[in-house]
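Me: I would like the labels used for this model set against their definitions.

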Amino acid sequence: MKQKINIFISSAFSNNSTFVLLLGLCSILATSSSLSSAVGMGLAVMIVLMMTNLIISLLRKIIPAEIRIPVYIIIIASTVTVVDMLMKAFTPELTITLGVYLQLIVVNCIIMARAEVFASKNKPLDSLIDGFGTAFGYLISIIVLSLLREIIGTGSLTFVNPFTNATVFSWTIFDARYAISLMVSNTGAFLILGLLLAAINALSMLISSHKKRRKEALIAKGGQG
Amino acid sequence: MNKFVKLPLFLATVALIAGAALASVNYFTLPIITRREQMALDAGYLELLEIDESKYASLNRVPESGTIAAAAELSAKGIIDYVMYENKSDDSLFGIVYNGSVSGHNKNPSNPIVFQVGFRDGVFAGYNNVSNQETPTYGGVYLNDLDDIITGLPADDEAAFLTALNQYKTDNSLSVTNTERNLVPALWAAASHYISLLEDAS
């Protein structure tokens with residue numbers, strides 16, 4: 001059980017695809033202009049990643065090594081197409097919002113990376129957990145980015161139910177006159193992501209230096225004793 | 001077995017299974033997608049021409065319109081068909097909605113820009129986005145705002161129509177060449193057809 005939790009924590013946080021590995025940034029930057037589209041994209045990636053990881057892990061012993069990449073591509077492309085068709089049928093508004101980025105999940109390097117690095121070498125359950133963890137990290141990242149962009153860029157926060165297209169909540173955080181609309185644009189996406197990466201790096205450096213100081217203090221204390 | 005036979009055979013089998021899975025999902029989702037698109041089109045007619053329940057009773061939906069394909073010059077521009085509403089009292093034209101489909105940034109024929117454009121009282125009554133696969137932060141933004149840009153513009157003034165579109169792009173620093181390449185001529189073809197119908201009627 002502890003091993004499963006470790007797989008989840010590692011794929012979701014320690015090796016977060018967005019903030020640590022900087023993978024799949026194109027779709028993150030493009031679809032994080034609003035919370036609704038970010039959640040939709042995050043969930044679509046989650047479904048695809050879990051399904052592809054599971055299928056590839058189940059087939060890992062019979063897929064010849066020489067053609068593993070084309071086989072992965074067929075599996076990933078088919079899974080994305082299935083998700084695309086289901087979303088067109090049941091969440092048409094969200095499909096319009098996500099536009100071409102939904103189909104571009106096929107070439108999202110996170111999916112291929114997890115297939116090659118993890119699913120092709122591990123058991124189905126572990127691969128499923130890894131897929132869920134990686135996608136969970138992706139979902140958290142895209143939500144954080146979209147929250148900042150939507151709030152700073154519009155002064156409000158709205159969430160629309162992708163199935164009914166009904167507004168679940170719409171909060172005005174501050175007067176729209178003070179909103180920085182640049183943040184909703186592509187430039188704003190890069191700016192916010194850059195600032196977030198800087199903050200996360202600063203925080204991790206702070207934590208590691210604190211740990212180092214504590215370790216040194218313990219060693220010094222042990223030496224005195 | 002020879003590797004050169006075994007590997008392609010394996011790949012073909014995987015492709016075949018994937019194809020079968022896609023075909024079965026398509027079998028179940030296609031009727032739902034078609035029904036939803038038809039519902040969106042029907043709702044679009046009423047929304048674009050601002051036809052509420054009280055107004056609906058005084059109007060006739062011209063039966064043959066919407067089922068007859070648009071004329072060759074219109075269909076060449078991407079207008080598929082149109083739906084006309086007439087006033088019951090004097091059979092005068094109340095409004096008209098054109099259904100169109102053109103390729104945009106995404107040139108894949110299965111991902112066109114599907115739209116409706118309505119006209120009433122000699123002006124653009126509105127634009128309705130049915131489906132598209134444009135880049136959300138470029139073409140998607142433009143298509144979402146198109147209704148606000150063109151609503152109320154005179155249907156017989158091409159210069160005003162193009163100026164409004166250019167002004168929007170300048171104000172928003174937006175370059176959407178691929179999205180509007182076929183869409184703008186289609187919208188104007190619909191406007192010209194509407195004006196010719198108005199002139200014929202008068």
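This is a predicted model: local features need pLDDT of at least 70, side-chain atom pairs count only at pLDDT 80 or more; totals for chains, interfaces and linings use all residues.

Reply: Residues are numbered from 1 along each chain as its sequence is written, chains are lettered from A in the order in which they are written, and side-chain values use heavy atoms, with hydrogens and water left out.

Me: How do you know that the span of helix 5 of chain B agrees with its 14 residues?

Reply: The expected span is 1.5 Å times one less than the number of residues. For residues 158-171 of chain B that gives 20 Å, and the end C-alpha atoms are 20 Å apart, so the two agree. Helices here are DSSP runs (H or I, at least four residues), numbered from the N terminus.

Me: Which residues of helix 5 of chain B are called buried, and what puts them on the same side?

Reply: Phe161(B), Ala164(B), Leu165(B), Tyr168(B) and Lys169(B) are buried, that is, under 20% relative accessible area with a 1.4 Å probe and protein chains only, whereas exposed means over 50%. They cover an arc of only 130° around the axis, and therefore share a side of helix 5 of chain B; the arc is taken from the directions from the helix axis to the C-beta atoms. On the other side, Ala159(B), Thr170(B) and Asp171(B) are exposed.

Me: What makes a set of residues a nonpolar core?

Reply: Its members are buried Ala, Val, Leu, Ile, Met, Phe, Trp, Tyr and Cys residues joined through side-chain atoms within 4.5 Å. The largest such core has 45 residues, and Met41(A) and Ile105(A) are among those with the most contacts inside it. Its largest share, eight residues, comes from helix 3 (residues 35-58) of chain A. Apart from it lies another core, of 37 residues, including Ile113(B) and Leu183(B).

Definitions and conventions: Helices (H or I, at least four residues) and strands (E, at least two) are DSSP runs, numbered from the N terminus.
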